[in-house]
Amino acid sequence: MKKAYFFTWDGGNLPRRHETFYFEYLADAMMAAREFLYKHNIDMINVFEGEGTDMRHIVSYFFF
């Protein structure tokens with residue numbers, strides 16, 4: 001069963017600043033967040049698991 005992962009970011013070449021993706025495993029969401037960060041030249045990305053009021057912060061990545 002896939003879970004919702006909410007990405008929010010700052011900087012980069014995308015006008016939108018948040019997106020929900022669905023992954024079966026947390027490791028897949030974390031790997032996708034890192035790839036998303038580098039692909040779009042994003043300065044910082046936060047990953048949350050869940051939706052609505054049930055979201056919990058998982059990890060933040062920074063691009064240096």
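In what order do the strands of the open sheet come, and is their pairing parallel or antiparallel? The views below start there. This is a predicted model, in which local features need pLDDT of at least 70, side-chain atom pairs count only at pLDDT 80 or more, and totals for chains, interfaces and linings use all residues. Residues are numbered from 1 along each chain as its sequence is written, and side-chain values use heavy atoms, with hydrogens and water left out.

**View 1. The open sheet has four strands in the order E2-E1-E3-E4, with antiparallel pairing.** Helices (H or I, at least four residues) and strands (E, at least two) are DSSP runs, numbered from the N terminus. Two strands pair if DSSP finds at least two bridges between them. Strand E2 (18-23) and strand E4 (56-62) sit at the edges with a single partner strand each, so one side of each has no neighbour in the sheet. From one strand to the next, the twist averages 25°. Axes here are lines fitted to C-alpha atoms (for helices, over the stretch in contact), and angles run from 0 to 180 degrees between N-to-C directions. In general, strands of a sheet pair through backbone hydrogen bonds, either parallel or antiparallel.

**View 2. Strand E1 meets E2, and a helix packs on the sheet.** E1 covers residues 3-10 and is joined to E2 by six bridges, the two running antiparallel. Look for phenylalanine 6, which stands opposite threonine 20 in E2. Helix H1 packs on the sheet and touches E1, E2, E3 and E4. Contact means heavy atoms within 4.5 Å. The direction of H1 makes about 35° with that of E4.

**View 3. Phenylalanine 7 and phenylalanine 21 form a tilted aromatic pair.** Rings of Phe, Tyr and Trp (its six-membered ring) pair if their centres lie within 6.5 Å; planes under 30 degrees apart count as stacked, over 60 as edge-to-face, and the rest as tilted. By that rule there are eight aromatic pairs. In this one, the rings are 4.8 Å apart centre to centre, with 50° between the planes. The pair links distant parts of the chain, with phenylalanine 7 in strand E1 and phenylalanine 21 in strand E2, 14 residues apart. Is phenylalanine 7 buried or exposed? At 1% relative accessibility, phenylalanine 7 counts as buried, where buried means under 20% relative accessible area, exposed over 50%, and partly exposed in between (1.4 Å probe, protein chains only). Phenylalanine 21, with a relative accessible area of 24%, is partly exposed.

**View 4. Phenylalanine 21 also pairs with phenylalanine 23.** This pair is tilted too, at 6.4 Å centre to centre and 40° between the planes. Phenylalanine 23 is buried, at 16% relative accessibility.

**View 5. Lys3, Glu49 and Arg56 are linked in a network of salt bridges.** A salt bridge is a side-chain nitrogen of Lys or Arg within 4 Å of a carboxyl oxygen of Asp or Glu, and the structure holds three of them. Lysine 3 reaches glutamate 49 at 3.7 Å, N to O. Lysine 3 is in strand E1 and glutamate 49 in strand E3, so this pair ties together parts 46 residues apart in sequence. Arginine 56 meets glutamate 49 as well, at 2.8 Å, N to O. Glutamate 49 is buried at 11% relative accessibility, while lysine 3 is partly exposed at 42% and arginine 56 is partly exposed at 46%.

**View 6. Glutamate 19 and arginine 16 make a salt bridge.** Their closest N and O atoms are 2.8 Å apart. Glutamate 19 is partly exposed, with a relative accessible area of 26%, and arginine 16 is partly exposed at 49%.

View 7. Asparagine 46 is buried, with a relative accessible area of 13%. Leaving aside neighbours within four places in sequence, asparagine 46 is in contact with Phe6, Phe7, Thr8, His57, Val59 and Ser60.
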